[in-house]
Amino acid sequence: MLRSALLAASRSGAVRELVERTPLTRPVVKRFISGDDVAAAVATTGEVVADGRYVTLDHLGEDTRDAAQAAATVEAYLDLLRKLELAGHTERAEVSVKLSAVGQFLPVDGEKIALENARRICSAAGAVGTTVTLDMEDHTTTDSTLGILRELRVDFPWVGAVLQAYLKRTEQDCRDLAHVGSRVRLCKGAYQEPASVAFQDKTDVDRSYVRCLKALMAGAGYPMVASHDPRLIAIAGELAKDRSPDTYEYQMLYGIRPDEQRRIAAAGNRMRVYVPYGDQWYGYFMRRLAERPANVAFFLRSLVTT
Ligand code: FDA
């Protein structure tokens, strides 16, 4: 119930204003978000890659209905890519993009604009020698996002995408995308979804994750195991035991289980950290609270002790 309430709040303008205006929220937000600007993002990247981990950077923002805002997001990614190159990080750092932040939901020609905007980001990423992964939002966007992925891959075959194990369709999507050159970031899924399309029970989601992982690991693509769940990470290790360590990777979110991230990297695996930055942190932050009651307790504790 708490998860549902927090996910509903993640899309409420009124709660957003309240949470954003509370100065005490800041220290808690900092646990999950690198900082407000590109300088913070590049500095965090430097810290993470220094101990052998990799990074994917997310310029925060989503659900825009404003073409100018979508264009500003593209500019922010282009600036980020330039600065990553200047700092010498493009070998270990890539970017993650939410299509709804670059125009997918615009009332006129949304998909077309999102495709063109994503194309500009991919072109800039390719020019500095790095890659782009498309984040996945709620299930109403899955077909559109996979369609845009297909179009982008014609010119940029290294573009990856996220698939969400809680969706009933995802096992088949994993099979379809388990081909040479395909990069799939498999996560459990973070949105509020109806039972008609998504498993509701945690055990069913975990079982689906394992089936999806098996499909990806059996294929010829590049699986990206995005989870903090120790059981799933152990299963991924077993399934990958005949693969060389450069044909798959583990991924976790910034601020979550950093010691485990370092342990996995030190054991000779690729470990990539998803680093979000920017001032549009509200939706992302609320989804992190919804994932784990302990995060809510941490948030509430900080309100009374800060
Ligand atoms: P879950 O939240 O069920 O946690 C499982 C176990 O992990 C816990 O029981 C505990 O043992 C351990 N654990 C989790 N958090 C911990 C903590 N803070 N401290 C200690 N232990 C902890 N979602 C989406 O819908 N679209 C997307 O595009 C993405 N992108 C994405 C990228 C990356 C790199 C990651 C890692 C995740 C995403 N997600 C996402 C989010 C994802 O769908 C999911 O909501 C979270 O990763 C949480 O799920 P877990 O697999 O970690 O398991």
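## Basis of the model

Residues are numbered from 1 along each chain as its sequence is written. Because the model is predicted, local features need pLDDT of at least 70 and side-chain atom pairs count only at pLDDT 80 or more, whereas totals for chains, interfaces and linings use all residues, and side-chain values use heavy atoms, with hydrogens and water left out.

## Where the ligand lies

Domain 1 (1–33 + 288–306) and domain 2 (36–280), with bounds from an automatic or database domain assignment, both contribute residues to the shell around the ligand, so the ligand lies between them.

## The shell

The ligand has 26 residues around it, of which M136, G189, S227, H228 and E291 come nearest; a residue is near if one of its heavy atoms lies within 4 Å. By class, eleven of the shell residues are nonpolar, five are polar and ten are charged, with Asp, Glu, Lys and Arg counted as charged and Gly among the polar ones.

## Polar contacts

Counting pairs of N or O atoms within 3.5 Å as polar contacts, the side chain of E291 places an N or O atom 2.6 Å from an oxygen atom of the ligand. A polar side-chain atom of K188 lies 2.8 Å from a ligand oxygen atom, while one of R31 lies 3.5 Å from a ligand nitrogen atom.

How values were computed
A polar contact is a pair of N or O atoms within 3.5 Å; within protein, one must be able to donate a hydrogen and the other to accept it, and residues adjacent in sequence count only if both atoms are side-chain atoms.
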